[in-house]
Amino acid sequence: MVKPIFTFRFLAAALVYCVFYSTPLFGQSYELKPSASPADNPLKGLVPYARPMPNRFPHSMEFQYFALSDLMLDIDKFDWIPLEELLDDVASRGNQAVVRVYMEYPGKEKGIPKFLVDGGLKVHRYLNTNTAPFPPTKVITPDYEDPRLREALKNFIAAFGKRYDNDPRLAYITAGLLGTWGEWHTYPKDELWASNRTQSIVLDAYEAAFKSTPVLLRYPAGPNHYAQAENASRAMGYHDDSFAWATLSTGRKQDDWFYMPALKTAGKQATEKWTTQPIGGEIRPEVWGKIFDDQSTWPKQAQSFHDCVSQTHATWLMDTGMFREQAKPDRMATALAEVQRMGYDFYVQHVDITTSKTGSTQLKIDVINQGVAPLYADWDTEIALLNSEKIIAYRQTDDQLSFRGLLPSAEKHSLTTTFEAPSEGSFTVLLRVINPLKGGKPLRFANEDQDKSISGWLTLGQLIVQPE
């Protein structure tokens with residue numbers, strides 16, 4: 001509940017305020033009580049594959065792969081229907097999509113656009129042995145140095161971005177396109193991997209095409225990486241697809257490819273990437289679901305999910321274990337607690353509301369980000385006044401109250417704005433961050449008074465506008 005701390009009245013004649021105000025001011029301060037935030041807050045948490053079984057685990061996003069051959073029919077001809085159908089379907093559940101487009105995927109024949117193969121693109125067919133814990137499977141790898149392939153990738157990314165950058169149905173894009181599963185490697189056939197030139201063409205194209213929707217890369221790389229083109233300086237996040245398995249440093253040389261050692265090797269720009277760009281990934285199949293059980297049941301190589309989230313500052317992670325079957329109570333409770341701290345987790349701690357008799361009002365809120373990462377999306381913040389008849393009498397979208405980029409810390413962030421309240425009366429002051437997806441899940445604060453007055457809004461306190 002909202003607890004008032006004190007009420008105060010400043011007279012215009014008071015020495016400290018006489019320079020600034022010509023009418024009396026009335027104010028109220030509130031300490032707001034904390035409460036657990038939901039695990040399905042938007043843009044964060046665990047992510048199932050699209051169209052998951054209902055009532056398995058709370059979520060706000062769904063993941064889907066797409067074969068490039070299904071979306072690109074010719075060098076400048078595209079078919080967006082498969083992607084449109086997926087985005088609309090995911091949005092119908094109030095969720096946003098995470099997508100990856102691939103050209104090679106073990107066990108799948110499609111991926112490489114037919115017009116490229118018909119035009120002479122060389123392909124390599126072989127048994128991929130890097131499919132653990134699943135059996136070795138056939139895969140098809142294209143010649144990544146073919147000039148027509150490079151041009152096709154540039155054209156596709158440009159068209160992709162022109163159509164979908166800043167589409168509210170789309171939460172994140174993992175870069176894909178190159179390598180097995182679109183994961184930017186062809187291990188163990190390293191000789192078939194794309195050159196730095198081809199990689200840079202793809203990276204340049206993504207940076208030019210997507211200015212709003214985040215694009216995430218599989219591997220951190222500094223300027224002297226042995227296999228990856230430099231990406232630490234680029235405005236792109238990362239996704240660790242062996243999360244809680246090959247994430248933390250072990251100190252062993254053979255494990256230098258693990259996410260955190262690779263991140264540190266890539267340099268300061270990479271290690272600080274999380275402050276401005278999202279970190280995602282996938283929990284390793286060997287520990288799907290199990291990672292939320294007692295540590296004594298883990299496979300030997302498993303790493304602490306809690307520690308992995310803390311060190312990587314992960315915002316979202318794909319997972320099948322929590323969506324494949326109904327989790328037992330202990331597993332569910334642990335998962336909920338761990339997912340709550342992923343990404344952002346905003347607790348509004350203190351509120352000051354000060355108004356004059358004319359209705360000119362200053363609102364100051366102190367907020368703590370209890371999560372491990374900021375909110376990366378530039379979503380609008382709105383304040384509203386609810387009258388005694390439970391009708392919104394006033395609302396204002398306010399840039400001064402932006403929650404974007406607030407870093408996690410035990411220290412508070414103070415946000416202040418002013419607005420002109422309507423005519424005299426008593427009002428409940430409300431706050432929300434607007435999810436631009438129509439029907440999308442609302443961003444909810446870690447406060448007891450979240451949804452108290454109106455669903456989707458945080459109740460901040462009372463505003464009284466008195467008559468002259």
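Modeller: Gladly! Keep in mind that this is a predicted model. Strand S12 (237-243) and helix H6 (259-266) each give at least two residues to the lining of the largest pocket.

Biologist: What makes a residue part of a lining?

Modeller: A lining residue has an atom within 4 Å of a pocket point. The largest pocket, with a volume of about 1300 Å³, is lined by 47 residues, and Asn130, Glu183, His185, Arg218 and Tyr219 are the closest to its centre.

Biologist: Which element gives the most to the lining of the largest pocket?

Modeller: That is H6, with 3 residues.

Biologist: How many residues of that lining are nonpolar, polar and charged, and why is a residue called charged?

Modeller: Asp, Glu, Lys and Arg count as charged, so Glu and Arg residues fall in that class. The lining of the largest pocket has 25 nonpolar, 14 polar and 8 charged residues.

Biologist: What about the second largest pocket?

Modeller: The second largest pocket holds about 650 Å³ of space. Its lining has 28 residues, and the closest to the centre are Ser212, Thr213, Pro214, Tyr376 and Ala377. Strand S10 (170-174) and helix H5 (196-209) are the elements that give two or more residues to this lining. S10 gives the most, with 3 residues.

Biologist: How does the lining of the second largest pocket divide by class?

Modeller: There are 16 nonpolar, 7 polar and 5 charged residues. Pro, Tyr and Ala count as nonpolar, so Pro214, Tyr376 and Ala377 belong to that class.

Note on methods:
Residues are numbered from 1 along each chain as its sequence is written. This is a predicted model: local features need pLDDT of at least 70, side-chain atom pairs count only at pLDDT 80 or more; totals for chains, interfaces and linings use all residues. Side-chain values use heavy atoms; hydrogens and water are left out. On a 1 Å grid over the protein atoms alone, a cavity is a set of points where a 1.4 Å probe fits but cannot get out, and a pocket is an open set with protein on both sides within 12 Å along at least five of seven lines; lining residues have an atom within 4 Å of a point. Grid points are joined across faces, edges and corners, and a volume is the space filled by probe spheres set on the points. Helices (H or I, at least four residues) and strands (E, at least two) are DSSP runs, numbered from the N terminus.
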